[in-house]
Amino acid sequence: MDSALIPKGVKRCPLWQFLLFIGAVGIVLLWGVYAMLLCWFKGLNQTNMNDYYGFALWIWADLAVIAVGGGAFFTGLLRYIFGKDVLKNIINYAVLIGFICYSSALLILAIDIGQPLRGWFIFWHANVHSMLTEVAFCLSCYFGVLTIEYLPLILENRQIEKVPFFHHLSHNMHEVMAVFAATGAFLSFFHQGSLGGVAGVLFGRPFAYREGVFIWPWTFFLFTWSAAACGPCFTILVTKITETITRKKLVKDNAIELLAKISGWMILTYIIAKTMSMWYWATVTAPSKGFTLMEFYSNNPLYGIWIVVAEILICGFVPAFILITKKGRKNPLTLWIAVILAVIGVCLNRWVMVLQVMAVPVMTFDHWAMYYPSWQEVATTILPVAYGVILIAISYRYLPVFPNEAELNPIEPVAEEATAVESPVELEEDLKPAEA
Amino acid sequence: MKYNKNHRFGMVIDLDKCTGCGSCMVACMAENNVPFRKDESNKLLSITWMRVFRLTNGEPFPKTDICYLPRPCMQCAGQHEGHSPCVSVCPATATDYGIETGIVSQIYTRCFGCRYCMASCPYHSRYFNWWDPIWPTGMEKYLSPNVSPRMRGVVEKCSFCYHRYQLAKEKAFMEKRRELKESEYQTACAQACPANAITFGDLNNPDHAVHRMVNPDPKHGGRPKNPHAVRLLERLGTNPKVYYLSSRNWIRQAGDNHLKNEAKIKKPVHHG
Amino acid sequence: MKIGRRGFLSFVIGGAAGTALSPLPWKLMDDTSIWTQMWPWTPVPEDGEASYVNSVCTLCPGRCGITVRKIEDRAVKIEGMRGNPVNNGGICLLGLSGLQLLYGPTRIKSPLKRTGKRGQGKWDRISWKEAVSMVVEKLGDLRSKGRAHTVGMISGSDRGTVPHLFERFLTAYGSPNFFRMPSVRDSYELTLHIMQGVQALPGFDFKNADFILSFGSGIIDGWGSPVRMMRNFSAWRNTGAKVIQIEPRLSNTAAKSNKWIPINPGTEGALAMGLAHVIIKESLYDNGFIADYANGFDEWKRLVIDKYDPDSVAAITGIDAGTIVALARSFANASNPLAICGRGDGTTPVGLSDCMAVHALNALAGSINNKGGIFAVSDLDYIHWPEIEMDAKAAVGMQHERLDGAGSRKYPNSRYLPNRLPEAILSETPYPLESLFIAGVNPLYTLMDTRPIEKAFEKIPFVVSFSSYMDETAQRADLILPNHIYLERYEDVPRPIGMLQPLISLAKPVVEPQLDTKHAGDVIIQMAKGLGGSLANSFPWESYYSCLKETLGEKWEIMVEKGFWSGSESMTKNLETSFDTVSGKFEFINPDSGSAVQYKPVAVEGDRKSYPLILIPYDSIRLAPNSFVGDPPFAIKTVDDSVLKHNDVFVEINPKTARVAGLREGELVLLSTPIGAGKVRIHLFEGIIPGIVALPRGLGHTGSDDYLDGKGINVNALIGPVQDPDSGMDAAWGIRAKISKV
Amino acid sequence: MSTLDDHAKEMIEGAAHETAASQSTEGTIQKQDKGAGGTIILFFILGMFASLIIGWVIFPKLLYSKKKQPIDFNHAFHVTQVDNGCESCHFFRADGTFSGVPKLDQCIECHEEIQGIDPNEIKFVEDYVSKGREVPWLIYSKQPDCVFFSHAAHIKSANMECVTCHGHIGESKSLKVYEQNRITGYSRDIWGESIAGFKKNTWDRMKMDDCAECHQKESAKIEKRGIKTPTNRLIDDIVHVVSPWALSTVKGSSVQTERDACFVCHK
C-alpha cells in the first residue's frame, strides 16, 4: 500500500521509520493543539498578554510566517510572469511552503481573537478603512489560490493520477496556472503591504506611525518588498534543510542560485529603502511628535538599540552582499549563512513592528511594560511548525515535489540495503527540524 | 463663535482641584457594570474605564510634588472629524464616531476581540475582557440595566456614560423637546467628583461651562486657547475632547512629549 | 467496490453542495455568533421602572447625603445627594461602593451563637427570639447578682437616638460603662472644655477662612467629613485661600496645599508654640481678644518667650527658624486665619497639650468664635425622652466609677477612654468586665496594638456584637445580633463633627432587609422589655420606628421626603457669653493642673539603637481607613500598585534611607517594631523625611471577603498606644521601627 | 505543480506503463468508467436532495422550540374596554421610558376578582392575582440587552403608530405560540419567521438591518438623496479609503457606517 503511493523512480525510508518520525513530531503537534483548546475554551487569560500588549507573540508569529511565506508568490511571479524557467524545479516546494505558512497564519489568527465564533464578522461587517480587513480578505483569498496551486501536485500522486478525471484535471490546471500565479502575486502585494500598514497607520503610536502615499504608509511597501526579498531565502533554507535530512540533492544548483541572486538584490534594495525610511522617521517624523530615536530603544532591559544593528546591518546588508556576489552564492557555507540571516532579519523586523511598538510608552508619565509569553502561547506558536514539518514529510514521501529528484538521484540496486542500514541515523536527523 | 448644531461632548478636569481620591473610578465602575476580580493590583489587567494616574515631578525631597491625573477615554476626533486612532482601525466596525455627539462608541456584541484598537490607543483607554465577568452570588443584583454587561473576549472603554444621554433624550421626547439642558446629561464621574474637579458638557456650546473654561479653537481642532489648559499628547493630532487645567507648569509639560531643547523641566516619572 | 467508493464520494459532494444551498450552515453560523453575545453565564440585569430614594451614608463619620437609584426593588447605584448641606452632590468611593456591602458576601445572614472556641469561626444559626432571650437571661442574672455595673457597651458614636438608646439602657440597667471610640474629637472637646469651659463640639468656618494652617490634618485625605472637606478645598482654590500643610510625609493634602512644610513627627505642638513666640514677640496677635477675653496670657507669654524661640523650636521640629518666622507672620497677618489639628483622617486623638497649643494660636489670631475661625458649637438637642426610671439596682450600679477611669480624679475632664479598657479588663481593676456589647465599631482592628485587646476579650465571659459584617471583632463574639445595614434601616444621623450648620439626616430603608437581620434599636427595646420592671418602663416605645418618629416630631415628614432637616447657620456669637471658665474668659492656663499651655513631647516606644527608623501610619481615602468596614471590592480596585501589589503592602521610605540600608524598590522586607512585625515591600518615595517610614491604614483585614482578606498588614498591630498623662487618651503618633531583609 | 513540458513527458511514460501493465484489463476499465459516470450523477443528486431536505425542512423544525403562553390573552377585547388604545396598558413612564408588558397591579384594577367565565381569566385571577405573582409572559419582540430601543423617540417624537412595527396584535383574539431559538434563546419573531430570510411585513423580523433599513429611508427623505445600494456604498467606502478627508461628506450620524451612530441603538 505505502510503496504503491510513493512516486516512481525515487527511494524513501521504510514505513516504520517514517511513522516513527511523524509520531515524534505529532506529539509536539498535540501539545500545541491542547494549548489551542485551552485558549478557545478558557479564553485569552491563558496567555500573558495584557492591555498594554494586545498584540504579542502570536501576531508576531503571524507576520513572520507570512513574510517568509512570501517565497511562494514571488517565485511564482518569477516563474510564470517573468518566465524564469529554471525555477520550475523549486516552484512546487515554494508553493508547498507557502501553503503551510498561510494556513498556519490563519490558524494563529483564529486562536488570537477573543471571540473565534464571531471571526467571520471581519468579512460580513468589514470596515474597509481598516488594514486588518484588507489583510483578512487578501490573506484568505491568497490561501485559496495557494490551495489551487497545491492541488495539482496532490493529484499527481501515483494512485490518484490513475483516475483519468483527476489526471486530466491536474493537466488542465497546469495550463491555467499562470493566471493563479498572477492573482497570487497581486493579492500578496496587498496583504503583505497591509500587514505593514497595520503598524504604519497607528498615528497614536509615534514609533509605529510612518508617513507615506495616500493611506499607505512606507511600511506598506517595505513589508511587501521585504517579504519578496526574504521569502525566497526561506524557501532555499527549507530546501537545504530537506536536502541535508534526506541527504539527497533535490534541486539543481542553477535554480537555487538564480533565486539567491534575485533575492540578494531585493534584500539590498529593501534594506537601503528601510534605512532611508528609518532615517526620515528618526529625523523628521519622531521629532515632530516630541520623540528622539533613542527614546524608542532605551528603557528596554533586553536589547536596546542593538536590535536595530542586528536587523539592518547583520541581518540586512550582510546577507545582501553575500547573495549578490557569485562567490557568496556558490559557496554552500556562505549561502547557508546568508539565507539564515535574511530570514532572521525579516522576523526581527516584524518583532520590532509588533512588540516594540506596544512596549514604548507614549504618555510621558506612562511606563515601559514588559511581556513574556505563557507556555500556551509558545505551544500554539510551535504548533504550526510541527504541522508544517509533518505536511512536508508526507508531501515529500508521496508526491513528486521535486521534479528532478529521480534524475539527480538515480537508484542503484545497492541502495535498497543502504537505506535499511543507514535508517537509524537518518531517523535521528529527521527529528532535528521537528524540535528546531 | 458660531453655534454648531452638532454637539462635541467633552470634559475639563482641573488638576489643581483633583485630590486623587479615586471616586471617579468607582463612580464609573458602579455606573457601567464594570466587573472586578480578587486581585486587581496588576493594572495591565485591571479594567478601569476611568483611571487616575499618579505623577511626580521626580524632584528629590523636599522639592517633590505629586499630581493626580484622571484619564477617561479621550473620545478623539482625529484630524478629520471622526478619524480617531481606534475607530479607523477596527476591522468589524465595532466602534464608530458619532458626529452628533462626538463620542466614540464601542459595541461589545460586534467586537470579536482582535485588540487592534487597543494597539492604536496611546492613552491605554481601551480594556480587554481577559476573563468572564463574574459577580459574587447576590451582587449581580446591583447591576444596571442601562449598560449591557460585557462578555469575555471583547474590548470595552469609557462611553461618556452614553446611556445617560439616551435616557435624557427619552425624557426630552416626552416633553416634546429635542435639545438637552447642560445639567440633563452629565457623566457619572463628573457628577460624583467630591472636589468638583470634573466638568462635562458640550464644547460646541458657548453657554456650557466646558466651553467657557478652555475656549477651544475650532481652527486648530479645538486646541485650548486658555493658556492653563492642555490636552494629552496634543502633538499626535488625535484631537481629544478631554482637557486638563493646571496652574503648575511641570504638569502641563507632562501632558505631551518634548525634545530636550523644548522642555525646560524634567519629564515626570510614573509611580504605580 | 471501486464504484462504491466513487459513488460515496459523489454522494458526499452532492450533500455538500446541497447543504451550501440550504440555510443550515449560514443560520447556524449566525446563531452561534449570537449565542456568544448572550452566554447564559453572563448576567443580564432586568429592566424596570427607575426610582430614587434620599438617605444618608453612615459608612464613615462624614455623613454624606445620598440618593439611591432603584430599578423596581433593586438598588443599582448610590449617588451623592444634590442640595445636601454636607456634600451637595459629591460622594466618595466608599459611599459609591455601598451596594457591594448591601448585596455582598461579607454580611452576617442571621443571629449567630458561637459553638467552637473564640475566633474559631464555628457558629450556630439561631432565631431572634432565642437570641434575645439569651441576652435577657444573661443580663438578668448579672443584675440580680448586683453586678449590673460590670456590663459595658462600645458604640461608634454617642449622638443620635440609637446611641442614646444604648446609653439609656445601660443607665436604667445600672452600668456607667458606655464607651465611644476615640478620635480627634476627644482632644477638641477636652480643649474646649478646659480653655473655654464649655461642653461642645468644634465647628470650623472653612467657608470664610482664608489661611488654613493644618498641623498634619489630611484635609483631603479623609479628615472630618471627607467629601465636605474636599469641596471646601476646591472652594479655597477659587477664593485663593492659602493652605499650609505641616507633616512628615507628602500626603495628597500636602501635595495639593500651597506649601508643604515637612516636620519631625510628633513635634507639631512645639511648632505651634514657636509660632506663638514669633506672633507675640512681634505683637502680631489680636490685641482686642487677648485684652478683653483672655486669661493668663501674661504668664503664658513669659513661658512662650523664654522657652520657644525659633532656633530651639527649629532644633525640635527640623524646620529652619526662617521658615517658622515667615509662617508665623503670614498666619497672623491673614484676615481670617485658622489652625487645625488631628493627624491624617483624625481617627486618632492628639496629645491634649498639642491640641491646646494649636487652639492657643487661634486665640492669638482672634479666630475663636469668629468669622473664618473655630466655634464651640453645642450639639443639636432634639432628643427629649421621659425620665429614666431608676430602681435601686440601677442606682447602685451607677454609683460605681467607670472602668476606663474617665471622669475619675486622674482624668476629671475626659469622657470616654476605651483605649484604657484592655489594661483595666486584664487587671480587673477596679472590677472585672463580665459582659460587653459592641455596636458599629471594630475595636479589634482599629485600636492600636491589637494583641492585648484580643487577650482582654478572652477574659470577658460574654461578648455580644451588633455587627452586620463578620469583622475582626464580631469573629471573637459569643453572640452576634446582626443589625440592618444603613440601606435597610431607619436612623437619625446628626451633622458631622466640625460642621456649623444645624443638620439632622435620616437614614431610611432603601430596600427591604435582604437577610434575617434586626434593627439594633428594636433589639435594645426588646431587651429592656424582656428584663421588665423599671427597664421596661424606661422604654415605653413598641418599636424603634415609633420611638424615632416620636422623637423627631414635626421634623419627621420633611426628613422622610428630603432625607434631612437643616437649620440656618448661627455664627454670630457674642464673646462675652461664650466662655464658661472660672474666669469667664478664654484660658491660657489649665484651671485643673494650673499649668500654662505648653509643648509636652509624646515619647514613642522603642530605643533608637535597635530601632533606628520611625514608623508612622498614613491615611489614604482609597483604603477607607476611617470606616468600621473594610474596603469593598470597587474601592480596593482603585488602590495604586505602589501601595499594594498582590498581597503585599508597600512601606514608603526615602531613597536616601533606602540606599544606606541597601534596599531596592519592590524588595520584600521584614518591618518590625517593639510591638510586632510584618512582611512588606519597599517603595522608594522622595516625599518622606529620611529616617521615617510610612505604612497605610486600612489593610490586613481578616474574615471579610476574598477581595480584601490577607492583603497587606494592619499597621495598628505594629503601633503601641502611648497614654497622654493629661487626658488618658492614646496620643501615639508612631513608633520606632527597623527594616531587615528576608 | 510540475510544468507543461515535462508533464507531457510523464503522460507519454504513463501511457507506456498502462499498455505495458494491463493489456487485458483495458476493456474492463473502459466499461467501469461508463457505468461509473451514471452512478456518480445519481449519487450526486441523492446527496444533494437529502441535504436540501435536511437544510430547508428538518433543520428549522429542530432549531425552534414551541412554547405556550402561561395564559391566553384577548387583545381585541381589551382594546374595546380601554379608551387610550395600546398606551392604556403599554404606557410611557414620566421619565420617558416605556413600560412594556403590563404588571399585575395594572390588571388588578379590573381583575380584582373573577368577572367572566373565561377559563383564562379564572386561571389568571386564581394563580396570579390572588397569589400576587407576576405573569411570566413570553415576549415576542424582546431584544437583546445590548440593544437600546427608545419607544419615546418613535412614538412621541416621530409620531409613529405601534402597528408600523408590531403589526395588528391589537386585533388578535388570542396569543400565538411562542417559538424560541434553541441556540440564541430569542423569539423567532426577532429573526427567522421565514428561514430563507425574506420578509413580507416589518414585524416578520426585527434585526439591526431592519431598523437600519427604515432609518436610511427616513434620513434619505430628510437629506433628499437616493438610498445607497450595498455596491455603491462599497464604492463610497473605497473613495473614503483613498481620500479620508472625503469623510466630511458622510451621511447619517455615524462617520464609519452609512447608518446612524452605533450608540444610537446600542448600550
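Modeller: Ser672(C) is buried, at a relative accessible area of 9%; buried here is under 20%, exposed is over 50% and partly exposed is in between, using a 1.4 Å probe and protein chains only. Before going on: this is a predicted model, where local features need pLDDT of at least 70, side-chain atom pairs count only at pLDDT 80 or more, and totals for chains, interfaces and linings use all residues, while side-chain values use heavy atoms, with hydrogens and water left out. Residues are numbered from 1 along each chain as its sequence is written, with chains lettered from A and ligands numbered from 1 in the order in which they are written.

Back to Ser672(C), which sits in strand β25 of chain C, residues 668-672. Strands are DSSP E runs of at least two residues, helices are H or I runs of at least four, and both are numbered from the N terminus. Leaving out residues up to four places away in sequence, Ser672(C) touches Tyr611(C), Ala677(C), Arg736(C), Ala737(C), Lys738(C) and Ser740(C); a contact is heavy atoms within 4.5 Å.

Next, the cysteines. Over all chains there are 0 disulfides, a disulfide being two cysteine sulfur atoms within 2.5 Å.

Now the neighbours, beginning with chain B. Here 68 residues of chain C meet 70 residues of chain B. Together the two chains bury about 5800 Å², with 58% of that on carbon and sulfur atoms; buried area is the accessible area (1.4 Å probe) that two parts lose on being put together, summed over both. Lys256(C), Phe634(C) and Lys637(C) supply 13% of what chain C buries against chain B, more than any other three residues.

There are 4 salt bridges between chain C and chain B, each a side-chain nitrogen of Lys or Arg within 4 Å of a carboxyl oxygen of Asp or Glu. One of them joins Glu79(C) to Arg164(B), at 3.0 Å from N to O. Helix α8 of chain C (residues 226-239) gives the most to the side facing chain B, with 6 residues. By class, that side has 32 nonpolar, 18 polar and 18 charged residues; nonpolar covers Ala, Val, Leu, Ile, Met, Phe, Trp, Tyr, Cys and Pro, charged covers Asp, Glu, Lys and Arg, and the others, Gly among them, are polar.

Then there's chain D. This contact takes 30 residues from chain C and 30 residues from chain D, and it buries about 2600 Å², 71% of it on carbon and sulfur atoms. Phe11(C), Pro23(C) and Lys27(C) account for 21% of the area chain C buries there, more than any other three residues. The salt bridge count between chain C and chain D is 2, and one of these pairs Lys103(D) with Glu72(C) at 3.9 Å, N to O. On the chain C side, α1 (2-20) and α2 (24-37) are the elements giving two or more residues, with α1(C) supplying the largest share, 12 residues. That side divides into 14 nonpolar, 9 polar and 7 charged residues.
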